[in-house]
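Subject: Model for your files

Hello,

The structure we spoke about is below. My notes on it follow.

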Amino acid sequence: MIEDPPLRILRLRLTYLIIIILVVLLQTLPIQTHPYQFVTPNLPMVITFVWVMRRPNLMSPILITIAFLFADIILQRPPGLWTLIVLCASMFLRMRALSFRELIFLYEWSLVAIVITCSFIVYHFSLMFTFLPTHDLKLYASQALLTVMIYPIFIWIFRPMLRYALSQTLQKQTPKAVR
Amino acid sequence: MARDHNTSDRYATTLGRLILSALIVLLLGLFLLWRIDSPRVERVRMAVIDKVIPNFSWATSPLTGAMNVLRSARSYTRIYQQNQDLRRELQQMMAWKEAALQREQENARLLDLNNVRLDPKFTKITGVVLADSGSPFRQTVLLNVGQRDGIIDGWAAMDGIGLVGRIAGVGERTSRVILLGDTSSRVAVKIESNGQTALVVGDNTSRPPIEFLENSETVYPGDRIVTSGDGGVFPSGILVGQVTQTPSGRLRVRLAADMQRLEFLRVIRHQPREKISTTGGLVGLRPIKPESNQ
(Lines give C-alpha, C1' and ligand atoms only; values in the text may rest on other atoms or scores of the structure.)
Protein backbone atom coordinates (compact mmCIF):
# COMPACT_ATOMS: atom_id res chain seq x y z
CA MET A 1 0.00 0.00 0.00
CA ILE A 2 1.38 3.35 -1.04
CA GLU A 3 0.92 6.35 1.18
CA ASP A 4 0.75 9.78 -0.37
CA PRO A 5 2.78 12.59 1.11
CA PRO A 6 0.47 14.91 3.06
CA LEU A 7 1.03 17.85 0.74
CA ARG A 8 -0.18 15.83 -2.24
CA ILE A 9 -3.25 14.68 -0.35
CA LEU A 10 -4.03 18.26 0.52
CA ARG A 11 -3.56 19.35 -3.07
CA LEU A 12 -5.77 16.60 -4.46
CA ARG A 13 -8.46 17.35 -1.89
CA LEU A 14 -8.37 21.00 -2.83
CA THR A 15 -8.64 20.00 -6.49
CA TYR A 16 -11.70 17.93 -5.68
CA LEU A 17 -13.34 20.82 -3.83
CA ILE A 18 -12.60 23.26 -6.65
CA ILE A 19 -13.99 20.84 -9.26
CA ILE A 20 -17.23 20.37 -7.32
CA ILE A 21 -17.65 24.09 -6.70
CA LEU A 22 -17.02 24.90 -10.36
CA VAL A 23 -19.49 22.27 -11.53
CA VAL A 24 -22.17 23.58 -9.18
CA LEU A 25 -21.61 27.20 -10.14
CA LEU A 26 -21.59 26.37 -13.85
CA GLN A 27 -24.92 24.63 -13.41
CA THR A 28 -26.41 27.86 -12.12
CA LEU A 29 -25.45 29.85 -15.21
CA PRO A 30 -28.58 31.61 -16.49
CA ILE A 31 -28.39 29.94 -19.90
CA GLN A 32 -31.42 27.74 -19.46
CA THR A 33 -34.19 29.49 -17.55
CA HIS A 34 -36.88 27.51 -19.33
CA PRO A 35 -38.11 24.34 -17.64
CA TYR A 36 -35.80 21.52 -18.66
CA GLN A 37 -37.08 19.28 -21.44
CA PHE A 38 -34.74 16.55 -20.25
CA VAL A 39 -32.98 16.01 -16.97
CA THR A 40 -29.26 16.38 -16.53
CA PRO A 41 -27.07 13.83 -14.75
CA ASN A 42 -26.05 14.62 -11.21
CA LEU A 43 -22.42 15.51 -11.86
CA PRO A 44 -21.15 16.26 -8.33
CA MET A 45 -22.38 12.86 -7.20
CA VAL A 46 -20.76 10.93 -10.03
CA ILE A 47 -17.46 12.81 -9.62
CA THR A 48 -17.46 11.99 -5.92
CA PHE A 49 -18.10 8.32 -6.56
CA VAL A 50 -15.32 8.15 -9.15
CA TRP A 51 -12.88 9.69 -6.69
CA VAL A 52 -14.06 7.42 -3.89
CA MET A 53 -13.63 4.30 -5.96
CA ARG A 54 -10.24 5.33 -7.35
CA ARG A 55 -8.69 7.10 -4.36
CA PRO A 56 -10.53 6.00 -1.21
CA ASN A 57 -7.81 7.36 1.06
CA LEU A 58 -8.39 10.93 -0.11
CA MET A 59 -12.08 11.19 0.43
CA SER A 60 -12.63 12.04 4.04
CA PRO A 61 -16.23 12.48 5.20
CA ILE A 62 -15.56 16.11 6.13
CA LEU A 63 -14.47 16.88 2.57
CA ILE A 64 -17.61 15.34 1.07
CA THR A 65 -19.80 17.13 3.59
CA ILE A 66 -18.30 20.53 2.80
CA ALA A 67 -18.63 20.02 -0.95
CA PHE A 68 -22.21 18.80 -0.90
CA LEU A 69 -23.45 21.21 1.73
CA PHE A 70 -22.24 23.98 -0.55
CA ALA A 71 -24.09 22.39 -3.47
CA ASP A 72 -27.25 22.03 -1.36
CA ILE A 73 -27.17 25.68 -0.40
CA ILE A 74 -26.53 27.00 -3.89
CA LEU A 75 -28.92 24.66 -5.72
CA GLN A 76 -31.91 25.37 -3.44
CA ARG A 77 -32.23 21.84 -2.16
CA PRO A 78 -33.29 21.03 1.39
CA PRO A 79 -29.96 21.61 3.17
CA GLY A 80 -28.34 18.50 4.57
CA LEU A 81 -30.53 15.77 3.15
CA TRP A 82 -28.78 15.10 -0.15
CA THR A 83 -25.42 15.62 1.59
CA LEU A 84 -26.34 12.98 4.15
CA ILE A 85 -27.34 10.49 1.46
CA VAL A 86 -24.22 11.04 -0.63
CA LEU A 87 -22.03 10.87 2.48
CA CYS A 88 -23.48 7.54 3.57
CA ALA A 89 -23.32 6.17 0.01
CA SER A 90 -19.72 7.18 -0.52
CA MET A 91 -18.66 5.78 2.86
CA PHE A 92 -20.35 2.53 1.86
CA LEU A 93 -18.43 2.58 -1.43
CA ARG A 94 -15.17 3.54 0.28
CA MET A 95 -15.27 0.46 2.49
CA ARG A 96 -15.53 -1.70 -0.62
CA ALA A 97 -13.30 0.29 -2.97
CA LEU A 98 -10.11 -1.63 -2.29
CA SER A 99 -11.65 -5.04 -2.73
CA PHE A 100 -13.10 -3.99 -6.09
CA ARG A 101 -9.71 -2.83 -7.31
CA GLU A 102 -8.79 -6.30 -8.57
CA LEU A 103 -12.16 -7.18 -10.11
CA ILE A 104 -13.22 -6.24 -13.60
CA PHE A 105 -14.79 -2.86 -14.15
CA LEU A 106 -18.29 -4.24 -14.74
CA TYR A 107 -18.63 -5.30 -11.10
CA GLU A 108 -17.57 -1.89 -9.87
CA TRP A 109 -19.98 -0.20 -12.26
CA SER A 110 -22.92 -2.34 -11.20
CA LEU A 111 -22.20 -1.66 -7.52
CA VAL A 112 -22.08 2.08 -8.20
CA ALA A 113 -25.28 1.81 -10.24
CA ILE A 114 -27.08 0.14 -7.36
CA VAL A 115 -25.83 2.75 -4.91
CA ILE A 116 -26.88 5.63 -7.17
CA THR A 117 -30.34 4.17 -7.70
CA CYS A 118 -30.78 3.58 -3.96
CA SER A 119 -29.69 7.16 -3.21
CA PHE A 120 -32.33 8.62 -5.50
CA ILE A 121 -35.02 6.34 -4.09
CA VAL A 122 -34.08 7.24 -0.51
CA TYR A 123 -34.08 10.93 -1.42
CA HIS A 124 -37.51 10.70 -3.02
CA PHE A 125 -39.06 8.87 -0.10
CA SER A 126 -37.49 11.02 2.57
CA LEU A 127 -38.95 14.05 0.82
CA MET A 128 -42.31 12.29 0.79
CA PHE A 129 -42.16 11.33 4.44
CA THR A 130 -41.35 14.86 5.52
CA PHE A 131 -44.27 16.17 3.45
CA LEU A 132 -42.09 18.18 1.13
CA PRO A 133 -43.05 18.72 -2.50
CA THR A 134 -41.36 16.06 -4.59
CA HIS A 135 -41.42 15.19 -8.26
CA ASP A 136 -42.58 12.12 -10.07
CA LEU A 137 -40.32 9.10 -9.90
CA LYS A 138 -39.92 9.14 -13.68
CA LEU A 139 -37.80 12.27 -13.51
CA TYR A 140 -35.64 10.82 -10.76
CA ALA A 141 -35.36 7.51 -12.58
CA SER A 142 -34.10 9.16 -15.75
CA GLN A 143 -31.65 11.24 -13.75
CA ALA A 144 -30.35 8.15 -11.96
CA LEU A 145 -30.00 6.34 -15.27
CA LEU A 146 -28.07 9.21 -16.84
CA THR A 147 -25.85 9.46 -13.77
CA VAL A 148 -25.05 5.76 -14.00
CA MET A 149 -24.35 5.99 -17.73
CA ILE A 150 -21.93 8.85 -17.31
CA TYR A 151 -19.87 7.09 -14.63
CA PRO A 152 -17.39 5.32 -16.99
CA ILE A 153 -16.81 8.60 -18.84
CA PHE A 154 -15.74 10.29 -15.63
CA ILE A 155 -13.58 7.31 -14.70
CA TRP A 156 -11.85 7.87 -18.03
CA ILE A 157 -11.58 11.65 -17.55
CA PHE A 158 -10.12 11.45 -14.07
CA ARG A 159 -7.87 8.47 -14.71
CA PRO A 160 -4.80 10.51 -15.74
CA MET A 161 -5.17 12.86 -12.81
CA LEU A 162 -5.57 10.16 -10.21
CA ARG A 163 -3.08 7.75 -11.72
CA TYR A 164 -0.45 10.40 -12.37
CA ALA A 165 -0.55 11.28 -8.71
CA LEU A 166 0.00 7.67 -7.77
CA SER A 167 2.97 7.09 -10.09
CA GLN A 168 4.66 10.25 -8.91
CA THR A 169 4.34 9.24 -5.32
CA LEU A 170 5.79 5.86 -6.23
CA GLN A 171 8.92 7.50 -7.62
CA LYS A 172 9.20 9.73 -4.62
CA GLN A 173 8.67 6.91 -2.22
CA THR A 174 11.23 4.47 -3.65
CA PRO A 175 14.32 5.93 -1.93
CA LYS A 176 12.51 5.97 1.39
CA ALA A 177 11.19 2.45 0.92
CA VAL A 178 14.70 1.07 1.19
CA ARG A 179 14.68 2.08 4.80
CA MET B 1 6.79 -1.04 15.50
CA ALA B 2 4.14 -3.15 13.89
CA ARG B 3 1.96 -3.01 16.98
CA ASP B 4 2.50 0.70 17.21
CA HIS B 5 1.32 1.12 13.68
CA ASN B 6 -1.63 -1.09 14.43
CA THR B 7 -2.80 0.88 17.45
CA SER B 8 -2.42 4.18 15.67
CA ASP B 9 -4.42 2.69 12.83
CA ARG B 10 -7.10 1.65 15.26
CA TYR B 11 -7.14 5.11 16.76
CA ALA B 12 -7.49 6.52 13.27
CA THR B 13 -10.45 4.29 12.44
CA THR B 14 -12.13 5.04 15.77
CA LEU B 15 -11.63 8.74 15.23
CA GLY B 16 -12.89 8.40 11.67
CA ARG B 17 -15.99 6.62 12.86
CA LEU B 18 -16.57 9.27 15.49
CA ILE B 19 -16.25 12.07 12.94
CA LEU B 20 -18.52 10.25 10.52
CA SER B 21 -21.28 9.72 13.08
CA ALA B 22 -20.94 13.31 14.26
CA LEU B 23 -21.33 14.50 10.67
CA ILE B 24 -24.37 12.30 10.12
CA VAL B 25 -26.04 13.64 13.25
CA LEU B 26 -25.13 17.18 12.25
CA LEU B 27 -26.59 16.83 8.76
CA LEU B 28 -29.74 15.16 9.99
CA GLY B 29 -30.12 17.91 12.56
CA LEU B 30 -29.63 20.58 9.90
CA PHE B 31 -32.28 19.01 7.69
CA LEU B 32 -34.77 18.70 10.54
CA LEU B 33 -34.03 22.27 11.66
CA TRP B 34 -34.71 23.45 8.13
CA ARG B 35 -37.93 21.44 8.03
CA ILE B 36 -39.13 22.91 11.34
CA ASP B 37 -37.86 26.48 11.10
CA SER B 38 -37.37 27.01 7.42
CA PRO B 39 -37.30 30.87 7.31
CA ARG B 40 -34.28 31.17 9.57
CA VAL B 41 -32.23 28.59 7.67
CA GLU B 42 -33.34 30.11 4.37
CA ARG B 43 -32.01 33.45 5.60
CA VAL B 44 -28.64 31.81 6.23
CA ARG B 45 -28.79 30.26 2.76
CA MET B 46 -29.57 33.63 1.21
CA ALA B 47 -26.62 35.17 3.04
CA VAL B 48 -24.28 32.50 1.66
CA ILE B 49 -25.61 32.94 -1.87
CA ASP B 50 -25.26 36.69 -1.44
CA LYS B 51 -21.57 36.22 -0.69
CA VAL B 52 -20.83 33.68 -3.42
CA ILE B 53 -22.77 34.42 -6.60
CA PRO B 54 -21.92 38.11 -7.23
CA ASN B 55 -18.23 37.30 -6.74
CA PHE B 56 -18.53 34.60 -9.34
CA SER B 57 -20.05 36.89 -11.95
CA TRP B 58 -16.64 37.71 -13.48
CA ALA B 59 -16.60 34.12 -14.69
CA THR B 60 -20.25 33.82 -15.66
CA SER B 61 -20.67 36.98 -17.69
CA PRO B 62 -18.23 36.05 -20.50
CA LEU B 63 -19.75 32.56 -20.63
CA THR B 64 -23.31 33.78 -20.86
CA GLY B 65 -22.18 36.38 -23.37
CA ALA B 66 -20.58 33.69 -25.51
CA MET B 67 -23.74 31.59 -25.30
CA ASN B 68 -25.83 34.53 -26.47
CA VAL B 69 -23.46 35.20 -29.37
CA LEU B 70 -23.70 31.54 -30.34
CA ARG B 71 -27.45 31.69 -30.20
CA SER B 72 -27.58 34.79 -32.37
CA ALA B 73 -25.10 33.26 -34.78
CA ARG B 74 -27.40 30.32 -35.23
CA SER B 75 -30.16 32.63 -36.37
CA TYR B 76 -27.94 34.06 -39.16
CA THR B 77 -28.21 30.80 -41.04
CA ARG B 78 -31.83 31.41 -41.91
CA ILE B 79 -31.61 35.13 -42.39
CA TYR B 80 -33.67 35.35 -45.57
CA GLN B 81 -36.68 33.63 -44.10
CA GLN B 82 -36.34 35.69 -40.97
CA ASN B 83 -36.28 38.85 -43.00
CA GLN B 84 -39.50 37.92 -44.75
CA ASP B 85 -41.11 37.10 -41.43
CA LEU B 86 -39.99 40.38 -39.94
CA ARG B 87 -41.34 42.35 -42.88
CA ARG B 88 -44.71 40.68 -42.55
CA GLU B 89 -44.69 41.28 -38.84
CA LEU B 90 -43.78 44.91 -39.37
CA GLN B 91 -46.82 45.39 -41.57
CA GLN B 92 -49.03 43.99 -38.87
CA MET B 93 -47.29 46.18 -36.35
CA MET B 94 -48.07 49.28 -38.36
CA ALA B 95 -51.73 48.42 -38.11
CA TRP B 96 -51.37 47.81 -34.41
CA LYS B 97 -49.53 51.07 -33.95
CA GLU B 98 -52.37 52.96 -35.56
CA ALA B 99 -54.82 51.22 -33.27
CA ALA B 100 -52.65 51.90 -30.24
CA LEU B 101 -52.38 55.59 -31.04
CA GLN B 102 -56.12 55.87 -31.33
CA ARG B 103 -56.53 54.02 -28.07
CA GLU B 104 -54.03 56.27 -26.39
CA GLN B 105 -55.89 59.37 -27.41
CA GLU B 106 -59.14 57.83 -26.32
CA ASN B 107 -57.63 56.77 -23.04
CA ALA B 108 -56.24 60.22 -22.39
CA ARG B 109 -59.62 61.72 -23.04
CA LEU B 110 -61.38 59.29 -20.73
CA LEU B 111 -58.81 59.75 -17.99
CA ASP B 112 -59.28 63.47 -18.30
CA LEU B 113 -63.02 63.05 -17.98
CA ASN B 114 -62.63 60.89 -14.90
CA ASN B 115 -59.90 62.92 -13.23
CA VAL B 116 -58.04 59.70 -12.47
CA ARG B 117 -54.70 59.92 -10.74
CA LEU B 118 -52.42 56.96 -11.42
CA ASP B 119 -50.82 55.28 -8.44
CA PRO B 120 -47.38 56.90 -7.97
CA LYS B 121 -46.14 53.87 -6.08
CA PHE B 122 -45.95 51.82 -9.26
CA THR B 123 -42.29 52.39 -9.92
CA LYS B 124 -39.86 49.67 -10.74
CA ILE B 125 -36.31 48.51 -10.15
CA THR B 126 -34.52 46.70 -12.93
CA GLY B 127 -32.15 43.87 -12.12
CA VAL B 128 -29.91 41.58 -14.15
CA VAL B 129 -30.33 37.82 -13.90
CA LEU B 130 -27.18 36.43 -12.29
CA ALA B 131 -27.93 32.73 -12.01
CA ASP B 132 -30.71 30.22 -12.32
CA SER B 133 -31.54 27.38 -9.97
CA GLY B 134 -29.23 24.98 -11.79
CA SER B 135 -31.45 21.99 -11.16
CA PRO B 136 -34.20 20.47 -13.27
CA PHE B 137 -36.56 20.44 -10.29
CA ARG B 138 -36.67 24.14 -9.42
CA GLN B 139 -37.55 27.25 -11.35
CA THR B 140 -35.85 30.21 -9.77
CA VAL B 141 -33.46 32.93 -10.86
CA LEU B 142 -31.18 35.19 -8.89
CA LEU B 143 -31.16 38.95 -9.49
CA ASN B 144 -28.37 41.38 -8.73
CA VAL B 145 -30.56 43.73 -6.73
CA GLY B 146 -31.24 43.22 -3.05
CA GLN B 147 -31.87 44.89 0.26
CA ARG B 148 -29.41 47.60 -0.72
CA ASP B 149 -31.79 48.62 -3.49
CA GLY B 150 -34.84 48.41 -1.29
CA ILE B 151 -36.21 45.10 -2.52
CA ILE B 152 -38.80 43.53 -0.24
CA ASP B 153 -40.00 39.92 -0.17
CA GLY B 154 -43.13 39.27 -2.17
CA TRP B 155 -42.82 41.95 -4.85
CA ALA B 156 -43.72 40.98 -8.38
CA ALA B 157 -41.05 40.57 -11.04
CA MET B 158 -41.81 40.94 -14.72
CA ASP B 159 -39.90 41.19 -17.93
CA GLY B 160 -41.00 43.93 -20.32
CA ILE B 161 -44.30 42.25 -21.14
CA GLY B 162 -45.63 39.91 -18.52
CA LEU B 163 -45.31 38.58 -15.02
CA VAL B 164 -42.34 36.30 -14.41
CA GLY B 165 -42.59 35.50 -10.73
CA ARG B 166 -42.18 36.98 -7.34
CA ILE B 167 -39.35 37.78 -4.96
CA ALA B 168 -38.74 35.09 -2.36
CA GLY B 169 -35.58 35.62 -0.41
CA VAL B 170 -33.64 38.88 -0.28
CA GLY B 171 -29.95 39.18 0.45
CA GLU B 172 -27.84 42.29 0.77
CA ARG B 173 -26.88 42.38 -2.91
CA THR B 174 -29.02 39.64 -4.46
CA SER B 175 -32.59 38.46 -4.40
CA ARG B 176 -34.24 35.27 -5.58
CA VAL B 177 -37.26 35.21 -7.89
CA ILE B 178 -39.51 32.17 -7.84
CA LEU B 179 -40.75 31.78 -11.40
CA LEU B 180 -44.37 31.01 -12.19
CA GLY B 181 -43.41 27.48 -13.26
CA ASP B 182 -41.90 26.49 -9.90
CA THR B 183 -43.83 23.89 -7.94
CA SER B 184 -44.16 26.22 -4.96
CA SER B 185 -45.53 29.16 -6.93
CA ARG B 186 -49.18 30.15 -6.56
CA VAL B 187 -50.51 33.35 -8.07
CA ALA B 188 -54.05 34.69 -7.81
CA VAL B 189 -55.24 35.67 -11.27
CA LYS B 190 -58.32 36.95 -13.03
CA ILE B 191 -59.62 35.94 -16.45
CA GLU B 192 -60.05 39.29 -18.09
CA SER B 193 -62.98 38.41 -20.32
CA ASN B 194 -65.40 37.46 -17.56
CA GLY B 195 -63.70 38.45 -14.33
CA GLN B 196 -63.45 34.96 -12.86
CA THR B 197 -60.69 34.51 -10.34
CA ALA B 198 -58.42 31.48 -10.25
CA LEU B 199 -54.95 30.36 -9.22
CA VAL B 200 -52.00 29.72 -11.51
CA VAL B 201 -50.22 26.79 -9.90
CA GLY B 202 -46.66 26.04 -10.96
CA ASP B 203 -45.92 22.40 -11.80
CA ASN B 204 -42.42 22.56 -13.27
CA THR B 205 -43.61 22.92 -16.86
CA SER B 206 -43.46 25.91 -19.15
CA ARG B 207 -47.25 26.20 -19.16
CA PRO B 208 -48.60 26.17 -15.61
CA PRO B 209 -52.21 25.00 -15.16
CA ILE B 210 -55.09 27.18 -14.01
CA GLU B 211 -56.76 25.77 -10.91
CA PHE B 212 -59.80 26.63 -8.79
CA LEU B 213 -61.83 28.03 -11.65
CA GLU B 214 -65.45 28.33 -10.74
CA ASN B 215 -66.86 27.81 -14.19
CA SER B 216 -64.38 26.57 -16.73
CA GLU B 217 -66.96 26.37 -19.53
CA THR B 218 -67.00 30.11 -20.01
CA VAL B 219 -63.22 30.37 -20.35
CA TYR B 220 -61.87 30.01 -23.85
CA PRO B 221 -58.37 29.57 -25.21
CA GLY B 222 -56.91 32.97 -26.02
CA ASP B 223 -58.48 34.82 -23.09
CA ARG B 224 -56.07 37.14 -21.40
CA ILE B 225 -55.09 36.46 -17.81
CA VAL B 226 -54.02 39.22 -15.42
CA THR B 227 -53.16 39.19 -11.73
CA SER B 228 -56.19 39.82 -9.58
CA GLY B 229 -54.40 41.35 -6.60
CA ASP B 230 -56.29 39.10 -4.17
CA GLY B 231 -54.43 38.61 -0.94
CA GLY B 232 -52.65 41.92 -1.32
CA VAL B 233 -49.35 40.37 -2.39
CA PHE B 234 -49.37 41.51 -5.98
CA PRO B 235 -50.68 44.65 -7.55
CA SER B 236 -53.66 43.81 -9.72
CA GLY B 237 -53.73 44.03 -13.48
CA ILE B 238 -50.28 42.74 -14.42
CA LEU B 239 -50.47 40.64 -17.58
CA VAL B 240 -49.72 36.97 -16.94
CA GLY B 241 -50.51 35.36 -20.27
CA GLN B 242 -53.21 33.71 -22.31
CA VAL B 243 -55.38 30.68 -21.74
CA THR B 244 -54.53 27.57 -23.72
CA GLN B 245 -56.18 24.21 -23.64
CA THR B 246 -54.40 20.87 -23.68
CA PRO B 247 -55.84 18.03 -25.77
CA SER B 248 -57.15 16.50 -22.55
CA GLY B 249 -59.18 19.63 -21.91
CA ARG B 250 -57.11 21.07 -19.10
CA LEU B 251 -56.68 24.84 -19.04
CA ARG B 252 -53.15 26.15 -18.89
CA VAL B 253 -51.45 29.52 -19.20
CA ARG B 254 -49.20 30.47 -22.04
CA LEU B 255 -47.02 32.99 -20.28
CA ALA B 256 -46.64 36.38 -21.88
CA ALA B 257 -43.11 36.78 -20.55
CA ASP B 258 -40.31 35.28 -22.63
CA MET B 259 -39.11 32.61 -20.22
CA GLN B 260 -36.53 31.31 -22.68
CA ARG B 261 -34.32 34.29 -22.19
CA LEU B 262 -34.55 36.09 -18.92
CA GLU B 263 -31.86 38.74 -18.84
CA PHE B 264 -33.34 41.82 -17.24
CA LEU B 265 -36.25 41.69 -14.84
CA ARG B 266 -38.30 44.57 -13.50
CA VAL B 267 -39.25 44.33 -9.87
CA ILE B 268 -42.41 46.27 -9.24
CA ARG B 269 -42.25 48.41 -6.12
CA HIS B 270 -45.61 47.77 -4.57
CA GLN B 271 -46.72 48.67 -1.10
CA PRO B 272 -49.78 46.75 0.03
CA ARG B 273 -52.79 48.93 0.58
CA GLU B 274 -53.16 50.47 4.02
CA LYS B 275 -55.63 48.55 6.09
CA ILE B 276 -58.74 50.34 7.23
CA SER B 277 -59.22 49.06 10.73
CA THR B 278 -61.82 51.44 12.17
CA THR B 279 -65.43 51.24 11.26
CA GLY B 280 -66.45 54.69 10.14
CA GLY B 281 -68.04 57.01 12.63
CA LEU B 282 -71.75 57.83 12.40
CA VAL B 283 -72.72 60.20 9.69
CA GLY B 284 -72.97 63.74 10.95
CA LEU B 285 -71.02 63.15 14.14
CA ARG B 286 -68.01 65.45 14.03
CA PRO B 287 -64.72 64.09 15.45
CA ILE B 288 -63.55 65.97 18.55
CA LYS B 289 -60.91 68.45 17.56
CA PRO B 290 -57.67 68.53 19.52
CA GLU B 291 -58.00 72.29 20.12
CA SER B 292 -61.13 71.79 22.16
CA ASN B 293 -59.24 69.62 24.64
CA GLN B 294 -56.58 72.17 25.38
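In this predicted model, strand 9 (residues 224-227) and strand 10 (residues 239-245) of chain B run antiparallel and are joined by three bridges. Strands here are DSSP E runs of at least two residues, and helices are H or I runs of at least four, numbered from the N terminus; two strands pair if DSSP finds at least two bridges between them. Opposite B:I225 stands B:G241 of strand 10.

Both strands belong to an open sheet of six strands in chain B, ordered 8-7-6-9-10-11 with antiparallel pairing. Strand 8 (210-211) and strand 11 (251-255) of chain B are at the edges with a single partner strand each, so one side of each has no neighbour in the sheet.

On confidence, the model scores ipTM 0.81 and pTM 0.69. Chain B averages a pLDDT (per-residue predictor confidence, 0 to 100) of 82, with 87% of its residues at least 70.

Residues are numbered from 1 along each chain as its sequence is written, and chains are lettered from A and ligands numbered from 1 in the order written. Local features need pLDDT of at least 70 and side-chain atom pairs 80 or more, while totals for chains, interfaces and linings use all residues; side-chain values use heavy atoms, without hydrogens and water.

Regards
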